[in-house]
Amino acid sequence: MSEIKHPLPYASWESRGFWEGAGRGDLVLQQCRKCGLVQHRPRGLCAHCLESDNLQHFVASGKGEVYTFTVTEQNQAKGFAEACPYVMAYVTLEEGPRILTVITDCAPDEVSVGAPVSASFVAQDRDDGERFAVPVFRLD
Ligand SMILES: [Zn+2]
């Protein structure tokens, strides 16, 4: 088992704040100033009130708990095949949203539903001047 070699993230105008935050070691979420909804994935408008003028980005705690997970035993995709088995999970963040991620630096049988986790960030080597990272989670 080795680390996943994540595909290089592409930042759209909607996701740039998320990827730039991850590059700094921050988990960045969006919150609507009108209705209070905290959302992930990044969007150009609030998923509840469908307005775009009141969205703000903020640095989240990076803390959460495993909502559900699976141990991926086979994946032929480039960058993932060598990492099998790895734990793919939905993590419920303290701020509310769920994020699809991987749980790293543990044996798959150490992961359980409800386990507390914290974000860490895998920096991406790239030559276009962007400094992005991919958020992953570790057991606390
Ligand atoms: Zn809203």
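**Stop one: Thr72 and its contacts**

Select Thr72: leaving aside its neighbours within four places in sequence, Thr72 is in contact with Cys84, Pro85, Tyr86 and Met88 (in contact means that the C-beta atoms, placed from the backbone, lie within 7 Å). A word on what you're looking at: this is a predicted model, where local features need pLDDT of at least 70, side-chain atom pairs count only at pLDDT 80 or more, and totals for chains, interfaces and linings use all residues. Residue numbers start from 1 along each chain as its sequence is written.

Thr72 belongs to strand 4, residues 63-72 (helices, H or I with at least four residues, and strands, E with at least two, are DSSP runs numbered from the N terminus). Pick the C-alpha atoms of Thr72 and Tyr86: they are 14 residues apart along the chain, yet separated by 5.3 Å. Is Thr72 buried, exposed or partly exposed? Thr72 is partly exposed, because 16 other C-beta atoms lie within 10 Å (20 or more such atoms make a residue buried, 12 or fewer make it exposed, and partly exposed is in between, with C-beta atoms placed from the backbone).

Now click on Pro85, in the loop between strand 4 and strand 5. The peptide bond from Cys84 to Pro85 is cis, with omega near -5°.

**Stop two: the barrel**

Colour the strands next. Five of them form a closed barrel, in the order 4-5-6-8-7, with mixed pairing (strands pair if DSSP finds at least two bridges between them). Zoom in on strand 5 and strand 6, which pair in the antiparallel sense over 6 bridges.

**Stop three: the core**

Stay with Ala89. Leaving aside neighbours within four places in sequence, Ala89 is in contact with Val66, Thr68, Phe69, Thr101, Val102 and Ile103. Which residues touch the most other members of the largest nonpolar core? Among its 22 residues, they are Ala89, Val91, Val102, Ile103 and Phe137 (a nonpolar core is a set of buried Ala, Val, Leu, Ile, Met, Phe, Trp, Tyr and Cys residues joined through C-beta atoms within 7 Å). Two or more residues of this core come from each of helix 1 (16-24), strand 1 (28-32), strand 5 (86-93), strand 6 (98-104), strand 7 (116-123) and strand 8 (133-139). Strand 5 gives the largest share, 5 residues.

**Stop four: helix 1**

Select Phe18, Trp19, Gly21 and Ala22, which are buried in helix 1. They sit on the same side of helix 1, because they cover an arc of only 160° around the axis (the arc is that of the directions from the helix axis to the C-beta atoms). The buried residues of helix 1 pack against strand 1, strand 3 (55-59), strand 7 and strand 8. After helix 1 comes Gly25, with a positive phi near 90°.

**Last stop: the loops**

Head for the loop between strand 2 (38-39) and strand 3, where Arg41 lies. The peptide bond from His40 to Arg41 is cis, with omega near 20°. Leu50 lies in the loop between strand 2 and strand 3, and has a positive phi of about 60° although it is not a glycine. Leu50 counts as exposed because it has 9 C-beta neighbours inside 10 Å.

Finish at Asp105, in the loop between strand 6 and strand 7. Asp105 is not a glycine, but has a positive phi of about 60°. With 11 C-beta neighbours inside 10 Å, Asp105 counts as exposed.

Key: Two residues are in contact if their C-beta atoms, placed from the backbone, lie within 7 Å.
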